[in-house]
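Subject: Structure for your files

Hello,

Here is the structure I said I would pass on. My notes follow below it.

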Amino acid sequence: MKKILAIVLCAMMVLAAVACTGTASQQPAKFKAGFICLHDENSTYDLNFINAAKAACEKLGIDYVLKVNVPEGQECYDTACDMADSGCSIIFADSFGHEDYMIQAAKKYPNVQFCHSTGTKAHTEGLSNYHNAFAAIYEGRYLAGIAAGMKLNEMIAEGKFTAEEAKIGYVGAFTYAEVVSGYTSFFLGARSVCPTATMDVTFTGSWYDETAEKEGAQKLIDGGCKLISQHADSMGAPTACENAGVPDVSYNGSTLSVAPNTYIISSRIDWEPYYEYAITACMNGKAFDTDWTGTIATGSVKLTDLNTNVAAAGTQEAIDAAKAAMEAGTLHVFDTSTWQLKGETLTSYLADVDSDDAYTPDTEVISDGYFHESEYRSAPYFDSNLTIDGINLLDTAF
Amino acid sequence: MNSKKALFHISKRGELPWLKVWLIRGAAILLALLVCSVLTVLVTGLNPFAVYGTMFKGVFGTARKTWVTFQKLAVLLGISLAVTPAFKMRFWNIGAEGQVMVGSLACAAVMITLRNYISSNLLMIVLMLVASLAAGALWGFLPAFFKSRWNTNETLFTLMMNYIAIQLSAFFIILWENPKGAGQIGIINASSELGWLPSLFGQQYLLPILVIALLTVALYIYLKYSKHGYEIAVVGESERTARYAGIKVERVIIRTMVLSGAICGLIGFLLVGATDHTLTTTLVGGRGFTAVMVSWLAKFNPLGMIFTSFLLVFLQLGAKEIASTFFLNESFADILTGVILFFIIGCEFFINYKIEFLKNDRKGA
């Protein structure tokens, strides 16, 4: 046994020696950014980040490191610190569960900028080198909802079903504010053109579960839903729609390839403008927003690939008109005159904007006749207490 | 005479001298590296030496990387140690994943539910430890009890217990989620650091590494020199012999599985209390199954497992480094790992058996 141990130790010493000699070459320091992703490019969610990261770094001509499959645990902290050790001046992470570990790393490396997409804590954490970012994706959802409403109207006009039967189905991940804000704005967009529309929502309890998403969509279709949309990252719902011949409004990017006969349009966040903004500020040594919200105007909210074979006639024009009204400030997605809660129009709502363990509502978010989404922090706070009339949650286990 | 002659025949060999054994193993590793090099050049066009160099850098490149390597090594080694006594007894416990998971769950449960009632860090840590050990032990006890009482199949039983543990954790994660609807609980007690194990000499991972080091030595002694260890070995060789020798087999099975489960619980405690400070369903991340391989490769010898678990951690971390440095998909790194493991496991065949090529010129008799 001793001999074996001796050999093992010798082998380890040799390995260590090789490791040391391998690191000799040193190049002059170039600006370097780090990117941490929860999954790899097989997830539509992460692919959206990876593409933006590559595009921004190539445009700015900087070095970058990209780490995929980093779980939402201690490994995120270790990876972020490791990137800081290796000379990254700015480090991005893409998944909600990375946030606590990014904050820890930010405390450890005060001279490195840490940026976390979809997080909620930067505006209360008080760290000058920790940032959150999100986009006003509810605007994109609303516009995609218009395409859905137009399609419903077309099917009603064709006599496929009556106006009262115009029910939408929605596959969500969790009853999390980001999802609630997404399906509510989508529904409001649809109802703005198809006033009799209603919507059933089901939750899968996972951000990525192809089987559950497919089954969820099928359940909604069996329950009489005439059109499907989703907030979950797999091809599950689009595939179920294609099999059943039910139109689908997608998310995170085009799903035209798997559903050429049913895919209508998709909304997504383009992270490239944020990456460019943050990296450029960091390169110039300037402070940048603690909490940044991208909009249609910054190019962060995008609609992709309107499928004219499936979409109703005039969809593009209707979307363009609504988009112009949004940019002009005359159209607000969460205009309180367009929705009610248990038959009442809200004039006041305290949202949980500042994170705490007890979810204490702390900020008044309704004023000037609309709900101010993503203004008091970038991450959505239109939460699950606001199930507006017309939307029916089939299950709320998650 | 038209009967076909076999080209070679295979026979079991006796014990080889250790030098020869390690020469075979060394040759296998070299061959594996060679095949990987050819594969790398063919598939990616990269210089294989640059790829190997990057692997070493990913594992030992900086002080932080080295600490992470040893922390991961400690966790995998710890779980491998946990499954070993049961394996020696020929009790096929593939439930380590679930046993670690319930240990983590119990630890997180104490940290979350008692944080408003207990302010003493020491008391908190003691309660966490007790809860984790008990939960892991229970997860080991159940299949052992059913096995000894009704002779149920322990492989299926322990496998299914994994899913129960993971689903239970998923349920409690939703129950304790923060913020509401997010489906995750974040870092537990982030501001108070209540129930966090202390950093020794400013190194967060030193304490778990030391605990596992002690455990390795203790388990080596337990298996090799204690009466219990002897009983385990006898039961593993032959249950009938054990009964004839007056060993209470049922008791040995239950006692050993409770020990296995409790060690898994301890790893769960270290994962939540010392490193991750959170609970996710992927916290154990398949290491409960990898541990089976580690234990087998080391022939159930706790000291040998230091080497085999190091090998697997090295491959895993090195693979991650290759994937990000060369912008390869992580699947390519998995392929390299697969090739290397194939050779390492395959070479055991040549250690246990010999192949004799039969000469063709033996015509007639």
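How far does helix α6 (residues 137-157) of chain A reach from its first C-alpha to its last, and how does that compare with the span expected at 1.5 Å a residue? Helix α6 of chain A has 21 residues and reaches 30 Å, close to the 30 Å expected. Please keep in mind that this is a predicted model. Of the 21 residues of α6(A), 17 are buried, so the helix is largely enclosed by the rest of the structure. Just after α6(A), A:Gly159 takes a positive phi of about 80°.

The open sheet of chain A

Chain A has an open sheet of six strands in the order β2-β1-β3-β4-β5-β11, with parallel pairing. The edges are held by β2 (63-67) and β11 (291-294) of chain A; each has a single partner strand, so one side of each is left without a neighbour in the sheet. On average, and ignoring direction, neighbouring strands of this sheet are turned by 20° against each other.

Within the sheet, strand β1 (residues 32-36) of chain A is joined to strand β3 (residues 90-93) of chain A by four bridges, and the two run parallel. In this pair, A:Ala33 stands opposite A:Ile90 in β3(A). Helix α10 (residues 272-283) of chain A packs on the sheet and touches β1, β3, β4 (113-117), β5 (130-135) and β11 of chain A. The direction of α10(A) makes about 155° with that of β3(A).

Strand β6 (residues 167-172) of chain A pairs with strand β7 (residues 198-203) of chain A in the parallel sense, over six bridges. A:Gly172 stands opposite A:Phe203 in β7(A). Together with helix α7 (residues 177-193) of chain A, β6(A) and β7(A) make a right-handed β-α-β unit. β7(A) also pairs with β17(A), in the parallel sense and over three bridges; here A:Val201 stands opposite A:Leu393 in β17(A).

A:Pro380

A:Pro380 lies in the loop between β16 (370-371) and β17 (391-393) of chain A. Is this residue buried or exposed? A:Pro380 has 25 C-beta neighbours inside 10 Å and therefore counts as buried. The residues that A:Pro380 touches, leaving out those up to four places away in sequence, are A:Tyr138, A:Ala177, A:Glu178, A:Ser181, A:Glu373 and A:Ser374. A:Glu178 is 202 residues from A:Pro380 along the chain, yet their C-alpha atoms are separated by 5.3 Å.

The secondary structure of chain B comes to 13 helices and two strands. Its C-alpha trace spans about 90 × 60 × 40 Å along the principal axes. Chain B has 365 residues, of which 44% are buried. Among its contacts with a separation of 6 or more, 77% are between residues 24 or more positions apart.

The contact between the chains takes 40 residues from chain A and 33 residues from chain B. On the side of chain A that touches chain B, the elements giving two or more residues are α1 (2-21), β2 and α3 (74-85) of chain A. Which of the elements gives the most? That is α1(A), with nine residues. By class, this side of chain A has 20 nonpolar, eleven polar and nine charged residues.

Regards

Notes. Residues numbered from 1 in each chain as written. Chains lettered and ligands numbered in written order. Predicted model: local features only at pLDDT ≥ 70, side-chain atom pairs only at ≥ 80, totals over all residues. Pairing = 2+ DSSP bridges. Axes fitted to C-alpha atoms, helices over the stretch in contact; angles between N-to-C directions. Contact = placed C-beta atoms within 7 Å. Nonpolar A, V, L, I, M, F, W, Y, C, P; charged D, E, K, R; others polar. Buried ≥ 20, exposed ≤ 12 C-beta atoms within 10 Å, placed from the backbone. Expected span 1.5 Å × (residues − 1). Right-handed = clockwise from strand over helix to strand, strands pointing away.
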